[in-house]
Amino acid sequence: MFERYTERARRVIFFARYEASQYGSPYIETEHLLLGLLREDRAVAKKFLDEVNVEEGIRAEIEKDLTARERISTSVELPLTSESKKVLTLAAEEADRLGHRHVGTEHLLLGLLRVEDSFAGTLLRARGVGVATIRELLARGARVAGMNVQPESSKRAMDTLDSFLAGLKSQKAEDLLIFFAENSRFVDVYGRRWNREEIGKEFGVVFAPYAKKNAVYVIEDTIVDAGDVLVAVVLWKNAILASMERVWMHRMSVVLVREGVPENEEWVILLAQVTPVQAA
């Protein structure tokens with residue numbers, strides 16, 4: 001389902017799961033999707049909601065209707081409700097309607113609005129947000145600062161990173177080694193430094209925690225984007241082996257560099273460093 005999703009749209013789902021766990025909900029409801037959207041893409045709120053402190057206002061309204069529950073561990077997988085699944089289906093439908101190949105945060109907002117009897121849809125419509133208005137703006141090619149807009153070179157770098165991360169579950173080591181520069185380095189969760197030759201020989205060992213079926217990742221942020229260098233931060237969940245210490249969440253900082261001329265450029269991984277994350 002998420003192959004077409006932009007990095008930001010994927011992070012909305014990640015944050016929605018986090019919001020649900022913090023409120024002790026056994027399911028990801030539409031209001032959690034809305035909170036995840038507001039947390040991830042404030043430009044959407046500024047453009048379409050036009051309200052100061054909109055996240056705080058919506059959160060306060062949501063909490064009025066909540067029954068206090070004990071928090072759920074973030075390691076627990078929470079399913080989407082039928083309404084939330086409908087939001088995602090409608091978001092893809094809106095992307096198709098607009099002729100967009102990607103599903104972004106703007107399409108998720110439209111999906112939330114179209115599930116009219118949902119809590120999130122009610123909160124949005126009460127603020128004067130309309131499906132027709134957003135469609136019109138997007139159809140005219142309106143751009144919102146910070147909303148799924150990346151320079152083409154940055155997009156290629158992120159596509160390279162995403163292809164590598166996704167490939168850990170489906171491709172062979174020799175096919176994935178091409179993503180690394182000749183002088184690349186990898187620092188594993190124990191602080192062990194591997195050079196490219198060692199990575200090639202021990203690829204299965206180095207990346208075993210991330211090739212697990214239940215290991216999932218989200219690209220959290222890009223902290224450097226200088227045209228020929230991009231640094232991204234990836235959060236991994238369930239990246240652990242039976243032989244490892246019980247740290248199931250890792251944060252991977254990845255440095256990508258551009259090689260070749262613009263019309264025939266390639267992005268490669270120069271450095272990846274992993275840090276264990278102790279869940280709260």
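Contact means heavy atoms within 4.5 Å. I keep that definition at hand for the entries below.

**Ground rules.** I am working from a predicted model, in which local features need pLDDT of at least 70, side-chain atom pairs count only at pLDDT 80 or more, and totals for chains, interfaces and linings use all residues. I number residues from 1 along each chain as its sequence is written, and side-chain values use heavy atoms, with hydrogens and water left out.

**Helix on sheet.** I looked up helix H1 (residues 7–22) and found that it lies across S3 and strand S4 (229–237), at about 125 degrees to S3. Helices (H or I, at least four residues) and strands (E, at least two) are DSSP runs, numbered from the N terminus. Axes are lines fitted to C-alpha atoms, for helices over the stretch in contact, and angles run from 0 to 180 degrees between N-to-C directions.

**The sheet.** I traced 6 strands in an open, mixed sheet, ordered S2-S1-S6-S5-S4-S3. Strands S2 (193–195) and S3 (216–225) are at the edges with a single partner strand each, so one side of each has no neighbour in the sheet. Two strands pair if DSSP finds at least two bridges between them. I noted an average twist of 15 degrees from one strand to the next. S1 (residues 180–187) runs antiparallel to S2, joined by 3 bridges. I also noted that Arg185 has Asn195 in S2 as its bridge partner.

**Two helices.** I found H6 (residues 105–114) packed against H8 (residues 131–139) at about 160 degrees, their axes 10 Å apart. That makes H6 roughly antiparallel to H8 (angles under 35 degrees count as roughly parallel, over 145 as roughly antiparallel, 65 to 115 as roughly perpendicular and the rest as oblique).
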